[in-house]
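Subject: Structure handover

Hello,

Here is the structure for you to take over. My notes on what was found in it follow below the entry.

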Amino acid sequence: MRRNLPSESAVPGVMGVVMDFMYYGDILVVDLEAGTTEEVEIDEAWEAGPVLPAALELFDKHAQDDPLLFGSGILTGTTAPASCLGFALGASPITGGPAVAPLNLFAGAEMKLSGFSMVLIKGNSPGPVYLWLHDGVADLVDASRITGKDTWQTCDAVRDEMGEQLIQVISIGPVGEAKSDLASFSINYWGSGDNAALGALMGAKNLKAVALRGLGMIDAEDPEEFYNRTMGLLPGLPSEKSFDWAFEGLGEGGLDAWLGPLVHRYRSCFACPCACNTFVKYNEDPAVMGSDGVQEPGLMVTNPAAALWLGQGGWSPEGASRAMEAMARAGVDVVRGSREISAEPLEAPGEIAAAVEALTGPAEAAWPPGEGPAEGGIFGPWTPPSSSGDRWLEVNRAAYVLGVCPLFLAASGVEREDLLELCVPAAGIKLDAGGIKEMFDRARA
Amino acid sequence: MRVKVKPLECTGCALCELACGYHRDEAFSMISSSVMLYRAEEKKGYMGVIVKTAEDLFIGKPEGAAAMKLGELQKEGASGGASAKPILVREACDMCESAGLEPQCVAICPQKALYLE
């Protein structure tokens, strides 16, 4: 499956250049209505480069088929710092236009290693299915027996069925199946940054999940130069654990102090020096380190914006964590859902479950100013913008092209130019901020 | 001197796996390294790090870290993790001597969870 072709010479921008490095495998086109999959060679069908602007072009080209695309950035899955980022792109039921959701944790890297440079999913399936991508093979699998299951049950079922516990499972719960505007896909068991209701789009397609596992290899054009440069970047970067290094917290002590009594461990996304995901335990003593106790001891808090909404609303950390778990299980956007229920703090698990089940409300809630539906923006409020809307837009554009977490790009102090320069030894491509803006402008034109 | 693990310092970024994989293949992958994250019990928040040498596995569990002889593990029928390529069938750590470098898993770890002793 590995493809190792001579590279084009370095040119400004990516548009019109076939990238022979940093990706392997072709574009997968899935026709859900026909139940077929087809591989399309990059060289013949896709000369815009396997990054988000190219996906936007494909989105427009296949608009009549209501496409949903999955892909990754140039540096995703490498030793470049925070190179965890992949993307999902589809028409948001909220905005009516194309919207992007991040694939973080290990999902972006597994997308890169799955054997497909990008996946384009067209049409709607007549019956429930999930898409299983592994090592250059694509299977549409009957999902009848997991229809109606929550995302935790779905993740377990897919992993058990395929016999691999490291499979990354992008799935919807009952709320996505019901095509609610508050739906969001989850990544494995945890809330994702799908603030655009792409989970509802999956529901409309009868697509219960996309499961990813890759044993492939990613080649750089000049591997030694690339590796050495990434190693050279690391000493100057933060390696913080917890949220407060990057977010305005809850006043004195911040979000970390609020969650503190429940904190078990901190977790990074793939290749990230910082660890912004906080595993909290509320069904077991957080100090218990072994694995032979409670099967479902708690939650990995992956959406600090959601925790902020609930904390500011007066919720206890345990009540808030239970609510975030209930939303992630049901496939509700944890950020928008938390905003909806934040004003009425609850403690009893039964009451929390009922409140989550009853969630309704304005779907555009929490969309960042300047990048909302009225402006036709494509990037949602996965994490709170750390500055102006324009800055958030600029950060996201670069982040998705590079495949580097936008939060890390915005808050770590890493020089964006250093990451952009990595694209030369990575793929023989020279990029700058102006070129990236031009790529998006042309793709959206 | 060998690579050891402080498991509670690890945040599971997998940069150690990537660096070791690069040392093996001059490419980026998750299947050929001599160091492996144990992350199969994700729902429990349970995670550790395993390093394979020619003689043993250094297993950094959250409850504690210790080396176990390969023979003992094989007698117990252990596979060495949930990966599609369990660590017992991978190459042993050579401390990156073949590349003339310090152990790259140690060098790249942002949390200093891997160390030499």
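In this predicted model, chain A holds an open sheet of six strands, in the order β2-β1-β6-β3-β4-β5, with mixed pairing. The edge positions belong to β2 (36-40) and β5 (98-103) of chain A; each has a single partner strand, so one side of each is left without a neighbour in the sheet. From one strand to the next the twist averages 20 degrees.

Within that sheet, β3 (residues 68-72) and β4 (residues 86-91) of chain A are paired in the antiparallel sense through five bridges. A:Leu69 has A:Leu89 in β4(A) as its bridge partner. Helix α2 (residues 52-61) of chain A packs on the sheet, where it touches β3, β4, β5 and β6 (118-122) of chain A. The direction of α2(A) makes about 165 degrees with that of β3(A).

In soluble globular proteins, nonpolar side chains tend to be buried together. The largest nonpolar core here has 185 residues, and A:Val404 and A:Cys405 are those with the most contacts inside it. Helix α13 (residues 389-402) of chain A supplies the largest share of this core, eight residues. Once neighbours within four places in sequence are left aside, the contacts of A:Cys405 are A:Ala82, A:Cys84, A:Leu85, A:Asn104, A:Cys269, A:Cys272 and A:Ala399.

One loop residue of chain A is also worth a note. A:Leu182 sits in the loop between α5 (174-177) and β10 (186-187) of chain A. Is A:Leu182 buried or exposed? With 26 other C-beta atoms within 10 Å, against a cut-off of 20 or more, A:Leu182 counts as buried. From A:Thr76 it is 106 residues away in sequence and 29 Å away in space, taken C-alpha to C-alpha.

On to chain B. It has three helices and six strands, which follow the pattern β-α-β-β-β-β-α-α-β along the sequence. Chain B has 117 residues, of which 48% count as buried. Of the contacts in chain B with a separation of 6 or more, 53% are between residues 24 or more positions apart.

Strand β3 (residues 48-52) of chain B is mostly covered, with five of its five residues buried. Both faces of β3(B) are covered: one side carries B:Gly48, B:Ile50 and B:Lys52, the other B:Val49 and B:Val51, and all are buried. Which strands does β3(B) pair with? With strand β2 (residues 35-38) of chain B, β3(B) pairs in the antiparallel sense over four bridges, and B:Val35 has B:Val51 as its bridge partner. With strand β4 (residues 56-61) of chain B, β3(B) is joined by four bridges, again antiparallel; here B:Ile50 is partnered by B:Ile59. Three residues lie between β3(B) and β4(B), and the two strands form a hairpin.

Last, the interface. On chain B, 32 residues are in contact with 38 residues of chain A. The most comes from α1(B), with five residues. By type, the residues on this side of chain B are 18 nonpolar, six polar and eight charged.

Regards

Conventions:
Residues are numbered from 1 along each chain as its sequence is written. Chains are lettered from A and ligands numbered from 1 in the order in which they are written. This is a predicted model: local features need pLDDT of at least 70, side-chain atom pairs count only at pLDDT 80 or more; totals for chains, interfaces and linings use all residues. Two strands pair if DSSP finds at least two bridges between them. Axes are lines fitted to C-alpha atoms, for helices over the stretch in contact, and angles run from 0 to 180 degrees between N-to-C directions. Two residues are in contact if their C-beta atoms, placed from the backbone, lie within 7 Å. A nonpolar core is a set of buried Ala, Val, Leu, Ile, Met, Phe, Trp, Tyr and Cys residues joined through C-beta atoms within 7 Å. A residue is buried if 20 or more other C-beta atoms lie within 10 Å of its own, exposed if 12 or fewer, and partly exposed in between; C-beta atoms are placed from the backbone. Ala, Val, Leu, Ile, Met, Phe, Trp, Tyr, Cys and Pro count as nonpolar, Asp, Glu, Lys and Arg as charged, and the others, Gly among them, as polar.
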